[in-house]
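This report describes one protein chain for a reader who has its sequence and model at hand. Please look at the whole chain before reading on.

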Amino acid sequence: MDSVTNMIDTALAHSVSASPWVSQLSLFILAIFVGYYVVWSVTPALHTPLMAVTNAISSVIIVGALIAAGPADMSLAKILGIIAIGLAAVNIFGGFTVTQRMLAMYKKKTK
């Protein structure tokens, strides 16, 4: 039983000693690959619902970015929050524009 406890303690010590920056970077890189393969495997018929989901995700990003950009002091988190607000806003408005264009293609044309 002591050897199992020693192995668990060793594993915990190694997990605690890992830099938070390294774990965040690896999570970001993993998210890039997962997002790439998910988006490229979507059929054209599902692009409009996918755009609606990305708009919803971007609205959550804006809420988090507003929280990060809120403090009065100037810090790296505030700068990144402001950048995130801008990029997510472009994504949301662009998503709505693309969705409107795609839906307009399916409308019946009247003479």
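Which residues line the second largest pocket? The second largest pocket is lined by Gln-24, Leu-25 and Phe-28. Its volume is about 180 Å³.

The model is predicted, so local features need pLDDT of at least 70 and side-chain atom pairs count only at pLDDT 80 or more, while totals for chains, interfaces and linings use all residues. Residues are numbered from 1 along each chain as its sequence is written, and side-chain values use heavy atoms, with hydrogens and water left out.

**Overall fold**

The chain has 4 helices and 0 strands, where helices (H or I, at least four residues) and strands (E, at least two) are DSSP runs numbered from the N terminus. From the N terminus on, the order of elements is α-α-α-α. Of the 111 residues of the chain, 13% are buried; buried means under 20% relative accessible area, exposed over 50%, and partly exposed in between, with a 1.4 Å probe and protein chains only. A contact requires heavy atoms within 4.5 Å. Among the contacts in the chain with a separation of 6 or more, 55% join residues 24 or more positions apart.

**The largest pocket**

Rolling a probe the size of a water molecule over the atoms shows where empty space is left. On a 1 Å grid over the protein atoms alone, a cavity is a set of points where a 1.4 Å probe fits but cannot get out, whereas a pocket is an open set with protein on both sides within 12 Å along at least five of seven lines; lining residues have an atom within 4 Å of a point. Grid points are joined across faces, edges and corners, and a volume is the space filled by probe spheres set on the points.

The largest pocket has a volume of about 550 Å³. Its lining comprises 16 residues, and Phe-28, Ala-31, Ile-32, Gly-35 and Ile-61 lie nearest its centre. The elements that give two or more residues to this lining are α2 (20-40), α3 (47-69) and α4 (76-106). The largest share, 8 residues, comes from α2. By class, the lining holds 11 nonpolar, 5 polar and no charged residues. In this scheme Ala, Val, Leu, Ile, Met, Phe, Trp, Tyr, Cys and Pro are nonpolar, Asp, Glu, Lys and Arg are charged, and the others, Gly among them, are polar.

Helix α4 has 31 residues and reaches 45 Å from its first C-alpha to its last, close to the 45 Å expected at 1.5 Å a residue; the expected span is 1.5 Å times one less than the number of residues. Its buried residues are Lys-78, Gly-81, Ala-88, Ile-92, Gly-95, Thr-99 and Met-102.

Ser-58 lies in helix α3 and Ile-92 in helix α4. Not counting residues up to four places away in sequence, Ser-58 touches Ala-88, Asn-91 and Ile-92, while Ile-92 touches Asn-55, Ser-58, Ser-59 and Ile-62. The C-alpha atoms of Ile-92 and Ile-62, 30 residues apart along the chain, are separated by 9.8 Å.

**Accessibility and an aromatic pair**

The table lists the relative accessibility of selected residues.

| Residue | Relative accessibility | Class |
|---|---|---|
| Ser-58 | 2% | buried |
| Ile-92 | 13% | buried |
| Tyr-36 | 46% | partly exposed |
| Tyr-37 | 56% | exposed |

The structure holds 1 aromatic pair. The ring centres of Tyr-36 and Tyr-37 are 5.2 Å apart and the planes meet at 80°, so the pair is edge-to-face. Rings of Phe, Tyr and Trp (its six-membered ring) pair if their centres lie within 6.5 Å; planes under 30 degrees apart count as stacked, over 60 as edge-to-face and the rest as tilted.
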